[in-house]
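Reader: Hi! Could you walk me through this fold and its charged pairs?
Author: Happy to, here it is.

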Amino acid sequence: MECIMTILQMCCRSLTFSSPSSAAAAAGDDDDDGIEANIPPRREKYDVFINFRGEDTRDGITSHLHAALLQKKIETYIDNRLQKGEEIGPALVEAIEKSTLSVIIFSQNYASSTWCLDELVHILECKERYGHKVIPIFYNINPSDVRKQDGSYAGAFTKLVKRFKDNIDKVHKWREALTTAANLSGFDYPNKGG
């Protein structure tokens with residue numbers, strides 16, 4: 001739980017509050033964890049977009065982080081409707097674009113999901129285009145494996161190269177996105193004991 005609180009604090013520090021109601025909302029917070037609650041509504045649709053590999057993290061770090069963000073009234077988008085093999089849809093693209101910050105939870109099987117990789121590419125495009133903030137979390141994965149596509153990521157990319165041999169540029173974009181994201185300041189979250 002301590003790691004979730006640290007991640008939550010990183011998210012809160014990364015969010016900028018510009019509305020006059022933010023002072024009033026923060027003044028009403030009686031929590032003693034040092035994190036402002038009652039975050040005011042923003043111009044954007046979501047404060048935080050969570051990008052994750054469901055089979056690895058949905059019932060662990062992702063659900064705990066999502067619950068903690070909601071408890072602090074931080075408007076959060078989490079996609080629980082995975083459709084294998086489909087491209088990310090317009091609603092998901094809009095959710096990424098209309099979020100202030102994205103939390104990317106890298107895990108062992110993250111690179112085997114083209115859905116996650118497509119989201120990642122779009123998140124980084126929004127970072128460049130709109131100044132979108134991005135916080136990577138390395139959940140039970142070495143950041144170097146993500147950066148260099150080693151370990152489980154190497155195996156995933158061997159399969160992706162075969163699967164997308166007629167669209168190898170897409171694979172190169174995914175590799176570049178993983179390297180870029182893994183070079184950002186983030187949080188290493190080792191999965192101790194499951």
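Reader: How many bridges join strand 3 to strand 4?
Author: Strand 3 (residues 99-106) and strand 4 (residues 133-139) run parallel and are joined by 6 bridges. Strands here are DSSP runs (E, at least two residues; helices are H or I, at least four), numbered from the N terminus, and two strands pair if DSSP finds at least two bridges between them. I104 sits opposite P136 of strand 4.

Reader: Nice. Where did the model come from, and how are residues numbered?
Author: The model is predicted, so local features need pLDDT of at least 70 and side-chain atom pairs pLDDT 80 or more, while totals for chains, interfaces and linings use all residues. Residues are numbered from 1 along each chain as its sequence is written, and side-chain values use heavy atoms, leaving out hydrogens and water.

Reader: And in what order do the strands of the sheet come?
Author: The sheet is open, with 5 strands in the order 2-1-3-4-5 and parallel pairing. Strand 2 (76-78) and strand 5 (187-189) are at the edges with a single partner strand each, so one side of each has no neighbour in the sheet.

Reader: Switching topic: how many salt bridges are there?
Author: There are 4, a salt bridge being a side-chain nitrogen of Lys or Arg within 4 Å of a carboxyl oxygen of Asp or Glu. One of them pairs E55 with R53 at 3.3 Å, N to O.

Reader: Is R53 buried or exposed?
Author: R53 is buried at 13% relative accessible area, whereas E55 is exposed at 54%. Buried means under 20%, exposed over 50%, and partly exposed in between (1.4 Å probe, protein chains only).
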